[in-house]
Amino acid sequence: MNQHKFGRYLLYALGEMTLIVLGILIALKVDNWNQRQVLKRHETQVLKQLLNHAQADYSFFSSKSDFFDNQEHLYQELLRLCNHTLPDSLLMRKQLNVFNLFGKATIQSNIVNSNFITYDIISNQQLKKQLLDYKRQYEAVKISYDLFNSKTTLYTDPILVQNYADVLKINEDTSWSDLEPFCQYPNIEGISYLLSTTASFAQQQTKTLLDLNNELTQELEQVLETKK
């Protein structure tokens, strides 16, 4: 009789223990599912923010590409002015973009300057690789901008000081003929060639970054589409 009762109690206890274990396992599974959902939502937020950063970067570096294209051509024409090979049709024409002569470039990236560690949450490995490639190219762009700015400061600041009165006269009616006093500066032809070449290099680096930006943007849009 006692053995029969003990057997019933044992079965009851085992049943209770089984229910408790099942309850714990279900709770853990639900908790893990909730954590995964939270991580997915966080990742989606990061990807959306990254897409906005990519679009902002594209706009910024597109303007820089135009800036360096303008710089390259301005220094090429200054070189032709000073070696007397600039056509008369250009010599007397108003140069609306001459304001940018001797300009310097700023640089910033929403993608790179944001907290790069937050990108660790991204699960797409291809996207992570593209981000690293983008960051490396940004560093190359930064080097090219720093090179252009340092050469511009080194070679053109003395020109601006020496020709300060002529610089003040530059306006929307300025033509290349008005800038002929700059040609009296020693080695102006070599300086113009150097800065034109340096501007061309910076523009090439910028274009490469813009290509990577396009690829990154397309990948981001595709990944976000799969998460809808």
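Glutamine 203 touches Ser65, Phe68, Asp69 and Glu72, with residues up to four places away in sequence not counted; contact means heavy atoms within 4.5 Å. The model is predicted: local features need pLDDT of at least 70, side-chain atom pairs count only at pLDDT 80 or more, and totals for chains, interfaces and linings use all residues. Residues are numbered from 1 along each chain as its sequence is written, and side-chain values use heavy atoms, with hydrogens and water left out.

Glutamine 203 belongs to helix H6, residues 188-226. Helices (H or I, at least four residues) and strands (E, at least two) are DSSP runs, numbered from the N terminus. Glutamine 203 counts as buried because its relative accessibility is 8%. Buried means under 20% relative accessible area, exposed over 50%, and partly exposed in between (1.4 Å probe, protein chains only).

Serine 109 sits in the loop between helix H2 (88-91) and helix H3 (110-113). Its relative accessibility is 0%, so serine 109 is buried. Beyond its neighbours within four places in sequence, serine 109 contacts Asp57, Phe61, Tyr134 and Tyr138. Its side chain makes a polar contact with the side chain of aspartate 57, at 2.6 Å. The side chain of serine 109 also reaches the backbone nitrogen of valine 112 at 3.1 Å. A polar contact is a pair of N or O atoms within 3.5 Å; within protein, one must be able to donate a hydrogen and the other to accept it, and residues adjacent in sequence count only if both atoms are side-chain atoms.

Eight aromatic pairs were found in a search of the whole structure. Phenylalanine 61 and tyrosine 138 form an edge-to-face pair, because their planes lie at 80°, with ring centres 6.4 Å apart. Rings of Phe, Tyr and Trp (its six-membered ring) pair if their centres lie within 6.5 Å; planes under 30 degrees apart count as stacked, over 60 as edge-to-face and the rest as tilted. This pair links helix H1 to helix H4 (residues 125-162), across 77 residues. Both phenylalanine 61 and tyrosine 138 are buried. Phenylalanine 68 and tyrosine 145 make a tilted pair, 4.8 Å centre to centre and 50° between the planes. Ring pairs join Phe67, Phe68, Tyr145 and Phe148 in a cluster.

One disulfide is present, a disulfide being a pair of cysteine sulfur atoms within 2.5 Å. Cysteine 82 is joined to cysteine 183, S to S 2.1 Å. The link is left-handed, with -80° about the S-S bond.
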